[in-house]
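Here are my notes for someone opening this entry for the first time. Please keep the structure in view while reading.

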Amino acid sequence: MELRVLNYFLAIAREENFTRAAEQLHITQPTLSRQIADLEQELGVKLFIRSNHNIILTEDGMILKRRAQEILSLADKTKRDFLQKDENLEGVISIGSGEFLSTKVLTDCIARFCKKHPLIHFEIYSGNAGNIRDYIERGLLDLGLMTEPIDIRKYEFITMPVEEQWGVLVREDSHLADRKFISPQDLIDIPLISSTNEFAESSVGKWFGEYSSRVNIIAKGNLLYNEAMLAKSNIGAVICIRLNCTYEGLRFIPFYPSLTTDTALAWKKDQFFSAATTSFIDFSKKYLKGISGDEL
């Protein structure tokens, strides 16, 4: 299976038409059709359902589309990792990050590093801890900013010098809006929106304690903006961390007893990194250990 043929396959999947894909790829349609037929024979599956006007992917085709995108992305990243000179460090560093206060610390670190190495570029992927870890394991990300605890058997990491404070985001016309703090019993039987999948085992689930069985989670999300829009539409209150942003018509109220979590910049143990990524990891260790929460 050649990368070139996977690129042909993705072009057809994108255009939903062999003729348009062939024109885009600057090859003849018979050549393209023959390459795809060979690919189907190699894999032993049918990738497209053809009609007079367009084509659609089969179930096997959809699986290959996802895998082909990952393979080509990884191949491109590998190529870029070696595009560096001895005198002027260059390359691309891929970092995954959740939505945290500590993200600003990371971006400040990146900014300082870029001044020192202007030929290095960054790709930032937004996601939760689960898919960031998955992308690190697949080699699609170099590092990830995630909530602790971090699995020390798999990763090395640096704890970020800022705590994330938990609370709820409620509408300003909510009966909770005037509260200075929110306790577990205040949220019983109130519709809630959460980003936590394993709620009962999470730090938030444990914060609810004896009231956890009465928590009413009616929606989940992985980006606070989308969750905030659900709250603005009066669907429920959002369980979230405080961020340096505001949403019109909504108010953040911290938990009491206070609940905070730590985040860490992590990377895979015993992993071969490009010179650019290795240099950034070394720089980050010194930078993050040289600042304190008081400086943020």
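1. Start with the charged side chains. Glu70, Asp134 and Arg138 are linked in a network of salt bridges. The model is a predicted one, and it holds 11 salt bridges.

2. Look next at Glu40 and Arg50. Their salt bridge has its closest N and O atoms 4.0 Å apart. Glu40 sits in helix 3 (residues 29-43) and Arg50 in strand 1 (residues 48-50), so the pair ties together parts 10 residues apart in sequence. Glu40 counts as buried, at 13% relative accessibility. Arg50 is partly exposed, at 41%.

3. Lys268 and Glu137 also form a salt bridge, with 3.2 Å between the closest N and O atoms. This pair links distant parts of the chain: Lys268 is in strand 13 (residues 263-268) and Glu137 in helix 6 (residues 129-138), 131 residues apart. Lys268 is partly exposed at 23% relative accessibility, and Glu137 is partly exposed at 33%.

4. Arg171 and Asp173 meet in a salt bridge at 2.7 Å, N to O. Arg171 is partly exposed, at 24%. Asp173 is exposed, at 57%.

5. Now the rings. The structure holds 12 aromatic pairs. Trp207 and Phe255 are stacked, 3.8 Å centre to centre with 15° between the planes. Trp207 lies in helix 7 and Phe255 in the loop between strand 11 and strand 12, 48 residues apart. Trp207 is buried at 11% relative accessibility, and Phe255 is buried at 2%.

6. One aromatic cluster is formed by Phe113, Phe122, Phe280, Phe283 and Tyr287.

7. Finally, the surface. Met1, Leu3, Leu43 and Ile71 make a nonpolar patch of about 330 Å². Ile71 belongs to helix 4 (residues 59-81) and is partly exposed, at 36%.

Definitions and conventions
Residues numbered from 1 in each chain as written. Predicted model: local features only at pLDDT ≥ 70, side-chain atom pairs only at ≥ 80, totals over all residues. Heavy atoms only, no water. Patch = residues over 30% accessible without salt bridge, like charges linked within 9 Å, V, L, I, M, F, W, Y side chains within 5 Å. Areas by Shrake-Rupley, 256 points an atom, 1.4 Å probe, with all protein chains shown as cover. Helix = DSSP H or I, 4+ residues; strand = E, 2+ residues; numbered from the N terminus. Buried < 20%, exposed > 50% of the residue type's maximum accessible area, 1.4 Å probe, protein only. Phe/Tyr/Trp six-rings, centres within 6.5 Å; stacked < 30°, edge-to-face > 60°.
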